[in-house]
Amino acid sequence: MVCQCRQRNKRPAGISTQSRSAVRSALVFRGLLEPLTTPPGVGIVSNVKAVVLIRTRIVYSTTAFAELVLWHLPKPLAGCTHRFKYRLAYVVDGTCVLRYENGKGDHRHYRGKEHPYAFSDPETLIAAFQTDIARWNHENRDT
């Protein structure tokens, strides 16, 4: 299966603790905590459509990269209980070998099969994606 991702920019290989911290900061910065931290009597305008939280490409090698796209939505997608839309793909030699997405409910594609995914929050999603990338790389290290 060939990934439908487009190259946007190149980033250093791997996802470091610093990158995880940047994701956390982006989520906070984009206002996800606003309803919890805004004092009573202060209005919040929420007529905004989807807000891009993350859109990046991480290059692991000359033949492998990950693309992460995460939006915050004004209301949940059909089949989801949360207000996020996401597409995380790991591409090796031009083939998408791992993908997490929620266009038709939360799920992931691994080894050519679709599996349900229990979404809890963006950080856990990205951690699960990183774990699956490491697993795929370990299982395919001799190929």
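Q: Which polar atom lies 2.7 Å from the backbone oxygen of Trp136?
A: Keep in mind that we're reading a predicted model. The atom belongs to the side chain of Asn140. Asn140 sits in the segment after helix 3, which covers 122-139.

Q: Is Asn140 buried or exposed?
A: Residues under 20% relative accessible area are called buried. Asn140 comes out at 15%, so it's buried.

Q: What about the other end of helix 3: which residue caps the N-terminal end?
A: That's Asp121. One of its side-chain oxygens lies 3.1 Å from the backbone nitrogen of Glu123.

Q: How many residues does helix 3 have, and how far does it reach?
A: Helix 3 has 18 residues. From the first C-alpha to the last it spans 26 Å, close to the 26 Å expected at 1.5 Å a residue.

Q: Which residues of helix 3 are buried, and where do they fall around the axis?
A: Start with the general idea: an α-helix has 3.6 residues a turn, so residues three or four places apart point the same way. Here, the buried ones are Pro122, Leu125, Ile126, Phe129, Gln130, Asp132, Ile133 and Trp136. Looking down the axis of helix 3, they fall within an arc of 165°, so they line one face of the helix.

Q: Let's zoom out. What elements does the chain have, and in which order?
A: There are three helices and six strands. Starting at the N terminus, the order is α-α-β-β-β-β-β-β-α.

Q: Which residues touch the most other members of the largest nonpolar core?
A: The general idea is that in soluble globular proteins, nonpolar side chains tend to be buried together. In this chain the largest such core has 23 residues, and Leu68, Tyr86, Leu88, Tyr90, Leu98, Tyr100 and Phe129 touch the most other members. Two or more core residues come from each of strand 1 (51-61), strand 2 (64-72), strand 3 (84-92), strand 4 (95-101) and helix 3.

Q: What is Tyr86 in contact with, beyond its neighbours within four places in sequence?
A: Quite a list! Among its partners are Val69, Leu70, Trp71, Tyr100, Phe119 and Leu125. Asp106 and His107 are also in contact with Tyr86.

Q: Where is Arg87, and how far is its C-alpha atom from that of Tyr100?
A: Arg87 is in strand 3. Arg87 has a relative accessible area of 25%, so it counts as partly exposed.

Q: And Arg57: is it buried or exposed?
A: Arg57, in strand 1, has a relative accessible area of 4%, so it's buried. Its side chain makes a polar contact with the side chain of Glu67, at 3.5 Å.

Q: To finish, is Pro116 buried or exposed?
A: The cut-off for exposed is over 50%. Pro116 has 76%, so it's exposed. You'll find Pro116 in strand 6 (residues 113-116). Setting aside neighbours within four places in sequence, Pro116 is in contact with Asp106 and His107. The C-alpha atoms of Pro116 and Asn102 are separated by 9.8 Å.

Note on methods. Residues numbered from 1 in each chain as written. Predicted model: local features only at pLDDT ≥ 70, side-chain atom pairs only at ≥ 80, totals over all residues. Heavy atoms only, no water. Helix = DSSP H or I, 4+ residues; strand = E, 2+ residues; numbered from the N terminus. Buried < 20%, exposed > 50% of the residue type's maximum accessible area, 1.4 Å probe, protein only. Contact = heavy atoms within 4.5 Å. Polar contact = N/O pair within 3.5 Å; in protein donor to acceptor, adjacent residues only side chain to side chain. Expected span 1.5 Å × (residues − 1). Arc of directions from axis to C-beta. Core = buried A, V, L, I, M, F, W, Y, C linked by side-chain atoms within 4.5 Å.
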